[in-house]
Amino acid sequence: MKIAVDAMGGDYAPTEVVKGVEMARDLHPDMEFLLFGPKDQVEPLVANTERITLVHTEQVIEMGEEPVKAIKAKKDSSMVKAAEAVHNGEADAFLSGGNTGALLAAGLFIVGRIKGIERPALTTTLPMVEGPNDKFVMLDVGANADSRAFHLYQYAFMGAYYADAVLGIQKPRVGLLNNGTEADKGDKLHKAVHELLAANHDLNFIGNVESRELLNGAADVVVTDGFTGNAALKSTEGTALTMLNLIKRSIINGGLKDKLGAYLLKDTFNDINTKLDYSKYGGAVLIGVKAPVVKMHGSSKATTVRNTLGQIHTMVKSNTVGKIVDYFNTHADAMKAIKQEAKNN
Amino acid sequence: MTKDEVFNRVADMISDQFEVDRSKITGDLNFKSDLDADSIDFVEFVLNLESEFGATIDDEDAEKLNTVNEAVDYIVSHS
């Protein structure tokens, strides 16, 4: 398998990106890489060019640039060229840690949507602290701010395929993020989505789930609109970080008893840290496009780059995208009917 | 390229992107009211137009394209 990597995406690019690519290359003998970026900056960083091809690009899309304008104006950027390599069939997947909006635009407009899928969704994997598995997926966490009921209905299928193929969760429990667990909760959009999902028998739909139960195993696939999903994700991250900082500050400012207690609990704190560190699951995947397009965190270091490439390895090997394509091809007529029904609601 | 040729290629693109019957695509078809296109659908369509015809469509000009005929006329006069 061949992966197109934007060497210039991220706060520590290209150094950490190149390091991570080399780590992944050494770990996965069946992986090859196309590394996009200015050759004078990228080439000196590559220690060993085995299974790594450098593709020179002149431009770089910066973090603050307006996404659609940037991909239109900077046709010779590492991000656009990497996306084009996937579109042209020269690579099987695309990874970047750069401008999220531009990456979503490149995924949507250059790699292109799977036929029959209205909107691709940004999908993230999070730790499950209690519950049947140790992780779950949530989508959409920010690709589409404005969503229709039919979009969320399709996210449920894409999320279920991802949970099954990549996380190994069979018959994953699909929940709809809402402001209460009862079926009649939520605004017009969420009521309509609940109705559509409840009527489907291919999915293991368990109903509405609340944000406070997300990390406690509420569902294996959490379906949400991009606006709510992004807010819920950031709120969860922020709360966890604030709690950890509060504990840290209390220990630093506390007396000898607090410090001794912290010393005795050192292993426990490390375990919690490992459990909550979701960078080990890789990056956020844009599902619904013709090949895996993955966004890793802007602050990714080499280890996260390696982990994310491991996640891509699983996605390509398990043919996640192919399975989604097959489902939507074989259910094209049913999808059209449901789309019409959703529109009439 | 004649207007008819452009129209046929644009109609093929619309049929493919919006999954509508090719025979139902007329010059008067409105992207918003008839095809239910939102901003993302429309950006996708404009980018497809650009790559299909090798044209560059400014954002301000793109905003004025409401119907199939307006898109076809734009391509004819700018290529």
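Predicted model: local features only at pLDDT ≥ 70, side-chain atom pairs only at ≥ 80, totals over all residues.
1. Let's start with A:R119. You'll find A:R119 in the loop between α5 (100-111) and β5 (121-127) of chain A. Its side chain reaches the side chain of B:D38 in a polar contact at 2.5 Å, and the side chain of A:R119 also makes one with the side chain of B:D41, at 3.0 Å.

2. Is A:R119 buried or exposed? A:R119 has 2% relative accessibility, so it counts as buried, the cut-off being under 20%. Leaving aside neighbours within four places in sequence, A:R119 is in contact with A:N144, A:H151, A:Q154, A:Y155 and A:M158, plus B:D38, B:I40 and B:D41.

3. Now the interface as a whole. Chain B and chain A each put 13 residues into the contact. About 1300 Å² is buried between the two chains, with carbon and sulfur atoms giving 42% of that.

4. On the charged side of things, the rule picks out seven salt bridges across the interface of chain B and chain A. One of the salt bridges joins the side chains of B:E44 and A:R113, with N to O at 3.1 Å.

5. Which elements give two or more residues to the side of chain B that touches chain A? They are α1 (3-18) and α2 (39-53) of chain B. The largest share, six residues, comes from α2(B). By class, this side of chain B has eight charged, four nonpolar and one polar residue.

Notes: Residues numbered from 1 in each chain as written. Chains lettered and ligands numbered in written order. Heavy atoms only, no water. Contact = heavy atoms within 4.5 Å. Buried area = accessible area lost by both parts, 1.4 Å probe. Salt bridge = Lys/Arg side-chain N within 4 Å of Asp/Glu carboxyl O. Helix = DSSP H or I, 4+ residues; strand = E, 2+ residues; numbered from the N terminus. Nonpolar A, V, L, I, M, F, W, Y, C, P; charged D, E, K, R; others polar. Buried < 20%, exposed > 50% of the residue type's maximum accessible area, 1.4 Å probe, protein only. Polar contact = N/O pair within 3.5 Å; in protein donor to acceptor, adjacent residues only side chain to side chain.
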